[in-house]
Amino acid sequence: AKLKFKGSRFLNNVILFQMFYPAVILLIPLFLIVRYSGMYDTYWAMILPKAVSLWAIFMYTNFFRSIPDELIEAAKMDGAGQLTIIARIVLPMSKSITTIIFLF
């Protein structure tokens with residue numbers, strides 16, 4: 001959410017537009033995807049669809065946008081690369097939103 005790319009606003013609007021439809025519409029296609037991908041009757045069949053749902057993407061996007069730019073700039077000034085910033089700053093901060101997403 002912090003990295004801007006061409007079409008990022010359009011992609012965000014598409015996700016928001018799809019949230020207008022009830023989730024019940026997506027149940028059968030989601031079941032078919034899980035079944036044909038070989039994840040049927042596994043824990044991954046419960047975890048992955050929840051993690052990549054439209055609501056989860058929307059929540060993660062808004063959470064990552066709320067991280068102060070100064071925090072990331074300070075890490076860059078200390079010599080941290082992109083992977084270090086993600087692994088040591090952003091991911092530990094996102095534990096709370098991940099818990100909320102998997103609870104609901």
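## Helix packing in a predicted model

Helix 4 passes helix 7 in a right-handed crossing (a crossing is right-handed if the near helix is turned clockwise from the far one by less than a right angle, and left-handed if anticlockwise). Helices here are DSSP runs of H or I with at least four residues, numbered from the N terminus. Keep in mind that this is a predicted model, where local features need pLDDT of at least 70, side-chain atom pairs count only at pLDDT 80 or more, and totals for chains, interfaces and linings use all residues. Residues are numbered from 1 along each chain as its sequence is written, and side-chain values use heavy atoms, with hydrogens and water left out.

**Confidence**

- The protein has a mean pLDDT of 87, and 97% of its residues reach 70 or more; pLDDT is the predictor's confidence in each residue, from 0 to 100.
- Among the elements of the protein, the highest mean pLDDT (92) belongs to helix 5 (residues 69–77), and the lowest (82) to helix 1.

**Helix 4 with helix 7**

- Two packed helices are described by the distance between their axes and the angle between those axes.
- For helix 4 and helix 7, the axes come within 10 Å and cross at roughly 160°; axes are lines fitted to C-alpha atoms, for helices over the stretch in contact, and angles run from 0 to 180 degrees between N-to-C directions.
- Helix 4 and helix 7 are therefore roughly antiparallel to each other (angles over 145 degrees count as roughly antiparallel, under 35 as roughly parallel, 65 to 115 as roughly perpendicular and the rest as oblique).
- On the helix 4 side, Trp-55, Ala-56, Met-59, Tyr-60 and Phe-63 meet Ser-96, Ile-97, Thr-98, Ile-100 and Ile-101 of helix 7; contact means heavy atoms within 4.5 Å.
- This contact of helix 4 with helix 7 has eight nonpolar residues, two polar and no charged (Ala, Val, Leu, Ile, Met, Phe, Trp, Tyr, Cys and Pro count as nonpolar, Asp, Glu, Lys and Arg as charged, and the others, Gly among them, as polar).

**Helix 1 with helix 4**

- The axes of helix 1 (residues 8–18) and helix 4 (residues 54–65) cross at roughly 135° and come within 9 Å.
- That makes helix 1 oblique to helix 4.
- Here the crossing is left-handed.
- Asn-12, Ile-15, Leu-16 and Gln-18 of helix 1 meet Leu-54, Ile-57, Phe-58 and Arg-65 of helix 4.
- By class, the contact of helix 1 with helix 4 has five nonpolar residues, two polar and one charged.

**Helix 5 with helix 6**

- Helix 5 and helix 6 have axes that come within 10 Å and cross at roughly 140°.
- Leu-71, Ile-72, Ala-75 and Lys-76 in helix 5 meet Gln-82, Ile-85, Ile-89 and Met-93 in helix 6.
- Six nonpolar, one polar and one charged residues make up the contact of helix 5 with helix 6.

**Two residues to look at**

- Ser-94 sits in the loop between helix 6 (82–93) and helix 7 (95–103).
- Ser-94 counts as buried, at 4% relative accessibility (buried means under 20% relative accessible area, exposed over 50%, partly exposed in between, with a 1.4 Å probe and protein chains only).
- Not counting residues up to four places away in sequence, Ser-94 touches Phe-63 and Phe-64.
- Ile-86 lies in helix 6 and is partly exposed, with a relative accessible area of 44%.
- Leu-91 and Pro-92 are touched by Ile-86, not counting residues up to four places away in sequence.
- From C-alpha to C-alpha, Ile-86 and Ile-67 are 12 Å apart in space, and they are 19 residues apart in sequence.

Conventions: Helix = DSSP H or I, 4+ residues; strand = E, 2+ residues; numbered from the N terminus.
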